[in-house]
Amino acid sequence: MPARVTTPFGSATTAMDVMRGVDLGGTRAIVTGSASGIGVATARALATAGADVTLAVRNSAAGEAVADDIKQTTHNQHLAVGQLDLSDLRSVRAFLTLHGGSSPMGSQATCLMG
Ligand SMILES: NC(=O)c1ccc[n+]([C@@H]2O[C@H](COP(=O)([O-])OP(=O)(O)OC[C@H]3O[C@@H](n4cnc5c(N)ncnc54)[C@H](OP(=O)(O)O)[C@@H]3O)[C@@H](O)[C@H]2O)c1
């Protein structure tokens, strides 16, 4: 029987708890829905760990405000904002053209759906 998968994390674990001790320098993350809620917390935790983070948002002004706040609070300046409406395939294609890198999602990009 395979070993049971266990985790030190629980219902009270925060994104920052998960990232503690993790170095994401040299990696890139795209976080959708990152103008509010869980997406903001996810983007902030990734930036704190040193990742280059692209906020993929419908409302660019809201995304820019979040990016500015994350830059100030984490001292990670590698934040970008891209306009993306996941319900519109033309918007998805346009986002990938501008922010996707050389391969469809960039060679090292991780996409987190908020
Ligand atoms: N599994 C769990 O235990 C659990 C717990 C909590 C939440 N969730 C889920 O996690 C997700 C996020 O929760 P939340 O509390 O952070 O919600 P939220 O504050 O409402 O955030 C949702 C985000 O998604 C964006 N969004 C919605 N439709 C979009 C589209 N078509 N294209 C691009 N972006 C779009 C919104 O953008 P705008 O700002 O433009 O509206 C908003 O930034 C939800 O689906 C929620 O159900 C799961």
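What share of the contacts in the protein between residues at least 6 apart in sequence join residues at least 24 apart? I looked this up first, and I found that 59% of those contacts do, a contact being counted when the C-beta atoms of two residues, placed from the backbone, lie within 7 Å.

**Entry: the model and its numbering**

I note that this is a predicted model, in which local features need pLDDT of at least 70, side-chain atom pairs count only at pLDDT 80 or more, and totals for chains, interfaces and linings use all residues. Residues are numbered from 1 along each chain as its sequence is written.

I then looked up the confidence, given as pLDDT (the predictor's confidence in each residue, from 0 to 100). The protein has an average pLDDT of 89, and 88% of the residues score at least 70. I see the lowest confidence in strand β4 (residues 109–112), with a mean of 64, whereas helix α3 has the highest, at 97.

**Entry: the overall layout**

I count four helices and four strands in the protein, where helices (H or I, at least four residues) and strands (E, at least two) are DSSP runs numbered from the N terminus. Following the sequence, I read the pattern α-β-α-β-α-β-α-β.

I also checked burial, for which a residue is buried if 20 or more other C-beta atoms, placed from the backbone, lie within 10 Å of its own, exposed if 12 or fewer, and partly exposed in between. Of the 114 residues of the protein, 30% count as buried.

**Entry: the ligand**

Which residues are closest to the ligand? I find 14 residues around the ligand, and the closest of them are Gly-33, Gly-37, Ile-38, Arg-58 and Leu-86; a residue is taken as near a molecule or strand if its C-beta atom, placed from the backbone, lies within 6 Å of it. Helix α2 (residues 37–48) contributes the most to this shell, with three residues.

Sorting the shell by class, I get four nonpolar, eight polar and two charged residues. In this sorting Ala, Val, Leu, Ile, Met, Phe, Trp, Tyr, Cys and Pro count as nonpolar, Asp, Glu, Lys and Arg as charged, and the others, Gly among them, as polar.

**Entry: how α2 meets α3**

I turned next to α2 and helix α3 (residues 60–74), whose axes come within 10 Å and cross at roughly 40°. The axes are lines fitted to C-alpha atoms, for helices over the stretch in contact, and angles run from 0 to 180 degrees between N-to-C directions. On the α2 side I find Val-40, Ala-43, Arg-44, Ala-47 and Thr-48, which meet Val-66, Ile-70 and Thr-74 of α3. By class, this contact of α2 with α3 has five nonpolar, two polar and one charged residues.

**Entry: Thr-48 and Met-19**

Thr-48, which sits in helix α2, counts as buried because it has 20 C-beta neighbours inside 10 Å. Not counting residues up to four places away in sequence, I find that Thr-48 touches Met-16, Met-19 and Thr-74.

I followed this to Met-19, which belongs to helix α1 (residues 15–19). Is Met-19 buried or partly exposed? Met-19 is partly exposed, because 19 other C-beta atoms lie within 10 Å. Besides Thr-48, Met-19 is in contact with Ala-45 and Ala-49, leaving aside its neighbours within four places in sequence. The C-alpha atoms of Met-19 and Ala-45 are separated by 6.4 Å, although the two residues are 26 residues apart along the chain.

**Entry: His-99 and Ile-30**

His-99 has its place in helix α4 (residues 89–99), and I note that His-99 counts as buried because it has 20 C-beta neighbours inside 10 Å. Leaving aside its neighbours within four places in sequence, His-99 is in contact with Ile-30, Thr-54, Ala-80 and Gly-82. Its C-alpha atom and that of Gly-82, 17 residues apart along the chain, are separated by 7.1 Å.

Ile-30 is part of strand β1 (residues 28–32) and counts as buried because it has 27 C-beta neighbours inside 10 Å. I also checked Ile-30 against Gly-82, 52 residues apart along the chain, and their C-alpha atoms are separated by 9.3 Å.
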